[in-house]
Amino acid sequence: MTPDRPDHPAHCPDHPAHRPHPKHRSRPALPHRATLAPAAALAALLLATVTACGDPGDLRGAGSTPTAVGPTRLWPEVPPASTPALDYGEADTETVRGVTAPGDDIHRVDPLDVVRAEVAAHPDQYSGPHASYGETADRLDDCGGAAHGGKCPVLRAYYRDLTSDGKDDMVLGIRFPGNQLAVRVYTFVGHELVQIMGTADSTAGVELAGRAVIIRSPSTLPGYEYRTVWTWDRHQHAMLATRDEILRVGTPAPSGSPVPSASAS
């Protein structure tokens with residue numbers, strides 16, 4: 001029988017020392033030091049026993065888990081609507097005519113050419129006395145050279161693989177009248193440049209997070225903002241507004257302060 005020792009307490013059955021090692025089923029007992037005084041030996045043995053029988057570090061339960069409660073349907077007698085409540089313009093894709101790039105490399109596409117193609121394809125919106133974005137079309141003449149980035153409404157393009165095809169897509173911003181910002185996303189499909197997302201709104205910021213485009217817009221509620229997340233949907237072959245929420249972002253403005261209002265495109 002192996003005598004009791006600090007590293008092998010006999011009265012702690014769950015101590016790791018009592019679990020046989022897969023390779024070494026037994027270990028020889030360590031010899032006691034003959035020079036150890038009886039009182040010191042007893043104190044060392046008690047200390048080792050307390051340490052050995054302490055918390056073994058095993059997993060512990062976190063307590064009872066609340067019972068999951070499923071959603072309760074209200075007014076089941078009301079038939080579901082047959083028409084959509086809102087029109088986000090989701091799945092509205094458009095081929096950009098006349099704009100190509102060698103090897104379908106979207107980095108070699110001139111963003112200004114893309115915007116000019118959009119203006120030409122939608123004369124009702126960009127030309128004429130009742131055009132909503134006529135000012136934007138007029139200011140395209142300010143683009144290029146040193147003036148680009150000043151009065152030019154076409155903002156810097158950003159590139160990110162948003163469609164998970166291993167190739168970058170282009171995110172483009174266009175300043176619209178009324179402090180609105182148009183956000184467009186383009187990709188190549190079958191050697192054709194296709195707009196897979198298009199929206200315009202009063203914005204507080206635009207972000208890229210992973211493969212998502214996040215558009216933040218001011219809210220009529222002080223201290224809150226709207227946040228819409230656009231992601232690629234492989235079934236629709238377009239970017240969809242997969243999440244639309246209102247979030248608290250700061251301290252409400254003082255009473256009487258002007259509050260910006262969001263307007264849809």
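Predicted model: local features only at pLDDT ≥ 70, side-chain atom pairs only at ≥ 80, totals over all residues.
Local features need pLDDT of at least 70 and side-chain atom pairs count only at pLDDT 80 or more, while totals for chains, interfaces and linings use all residues. Residues are numbered from 1 along each chain as its sequence is written, and side-chain values use heavy atoms, with hydrogens and water left out.

A pair of aromatic rings is described by the distance of the centres and the angle of the planes. Rings of Phe, Tyr and Trp (its six-membered ring) pair if their centres lie within 6.5 Å; planes under 30 degrees apart are stacked, over 60 edge-to-face, and the rest tilted. The count is three aromatic pairs. Y126 and F176 have ring centres 6.3 Å apart and planes at 70°, so this pair is edge-to-face. Y126 belongs to helix 3 (residues 123–126) and F176 to strand 3 (residues 169–176). The two residues are 50 apart, and the pair links distant parts of the chain. Helices (H or I, at least four residues) and strands (E, at least two) are DSSP runs, numbered from the N terminus. Both Y126 and F176 are buried. Buried means under 20% relative accessible area, exposed over 50%, and partly exposed in between (1.4 Å probe, protein chains only).

F176 also pairs with Y133. Here the rings are stacked, at 3.9 Å centre to centre with 20° between the planes. Y133 sits in the loop between helix 3 and helix 4 (134–138) and F176 in strand 3, so the pair ties together parts 43 residues apart in sequence. Y133 is buried, like F176.

D161 lies in the loop between strand 2 (158–160) and strand 3. Leaving aside residues up to four places away in sequence, D161 touches G166, K167, D168, D169 and R211. Contact means heavy atoms within 4.5 Å.

L221 is in the loop between strand 7 (212–218) and strand 8 (224–233). L221 is partly exposed, at 45% relative accessible area.
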